[in-house]
Amino acid sequence: MKRQLHESPELIAKLDQYQEDAKVTLLKNDTRSWIRGHLPTGTCDLTQLAARLNCDKRTLQRRLERELSCRVSDLVNNVRAEMCLPLLESGVFPMQAITEQLGYATSGNFSHFFQRRFCYTPRDWSRLAMTA
């Protein structure tokens, strides 16, 4: 962006910060959106995401660590946590369908994840949601 000579240093600093924040937000939102779309297909991994973002997977790891202070696995787990709650609380979907939607090979893997994350089993959470 071309800058005018009469712009104050404070304005320039604010603009630079705004642009940097916008890039970070875009990276986070784009990555999370991609993860949501690829969890059910089983193609949600670092290599695929790096190819999507047109960079090397190690470069992507460094960029996520630097800009978002996280790893791809952290983003995947956060997206899974966001996705699983409405599915469980609806009471409509069988556990196997939720497991597949979240990209887990077995319902046991999903159950272990859920218990670590929320301190309840998925079935107990569903029952609590139905009584609330």
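Reader: At what angle do α4 and α7 pack, and how far apart are their axes?

Author: Two packed helices are described by the angle between their axes and the distance between the axes. Here α4 and α7 pack at an angle of about 60 degrees, and their axes are 8 Å apart. Axes are lines fitted to C-alpha atoms, for helices over the stretch in contact, with angles running from 0 to 180 degrees between N-to-C directions. Helices are DSSP runs of H or I with at least four residues, strands are runs of E with at least two, and both are numbered from the N terminus. The model is a predicted one, in which local features need pLDDT of at least 70, side-chain atom pairs count only at pLDDT 80 or more, and totals for chains, interfaces and linings use all residues. Residues are numbered from 1 along each chain as its sequence is written, and side-chain values use heavy atoms, with hydrogens and water left out.

Reader: Which word describes the orientation of α4 and α7 to each other, and which hand has their crossing?

Author: Angles under 35 degrees count as roughly parallel, over 145 as roughly antiparallel, 65 to 115 as roughly perpendicular and the rest as oblique. α4 and α7 are therefore oblique to each other. Their crossing is right-handed; a crossing is left-handed if the near helix is turned anticlockwise from the far one by less than a right angle, and right-handed if clockwise.

Reader: Which residues of α4 and α7 meet?

Author: Contact means heavy atoms within 4.5 Å. From α4, the residues L85, L88, E89 and S90 meet P122, W125, S126, A129 and M130 of α7. This contact of α4 with α7 comprises six nonpolar, two polar and one charged residue. For these classes, Ala, Val, Leu, Ile, Met, Phe, Trp, Tyr, Cys and Pro count as nonpolar, Asp, Glu, Lys and Arg as charged, and the others, Gly among them, as polar.

Reader: Is P122 buried or exposed, and which residues does P122 touch?

Author: Buried means under 20% relative accessible area, exposed over 50%, and partly exposed in between, with a 1.4 Å probe and protein chains only. P122, in helix α7, counts as buried at 3% relative accessibility. Not counting residues up to four places away in sequence, P122 touches L88, M95, F110, S111 and F114. P122 and M95 are 27 residues apart in sequence, yet their C-alpha atoms are 8.3 Å apart in space.

Reader: How many residues has α4, and how far does α4 reach?

Author: The expected span of a helix is 1.5 Å times one less than its number of residues. α4 has 19 residues and reaches 28 Å from its first C-alpha to its last, close to the expected 27 Å. Just after α4, G91 takes a positive phi of about 75 degrees.

Reader: Against which helices do the buried residues of α4 pack?

Author: They pack against α1 (9-38), α2, α3, α5 (95-101), α6 and α7. Among the buried residues of α4 are V72, L75, V79, R80 and C84. C84 has 0% relative accessibility and counts as buried. Not counting residues up to four places away in sequence, C84 touches L102, F110, F114 and F118. C84 and I98 are 14 residues apart in sequence and 7.0 Å apart in space, C-alpha to C-alpha.

Reader: How do the axes of α4 and α6 cross?

Author: The axes of α4 (residues 72-90) and α6 (residues 107-118) come within 11 Å and cross at roughly 100 degrees. The two helices α4 and α6 are therefore roughly perpendicular to each other. In α4, N77, N78, R80, A81, C84, L85 and L88 meet F110, F113, F114, R117 and F118 in α6. By class, the residues of this contact are eight nonpolar, two polar and two charged.
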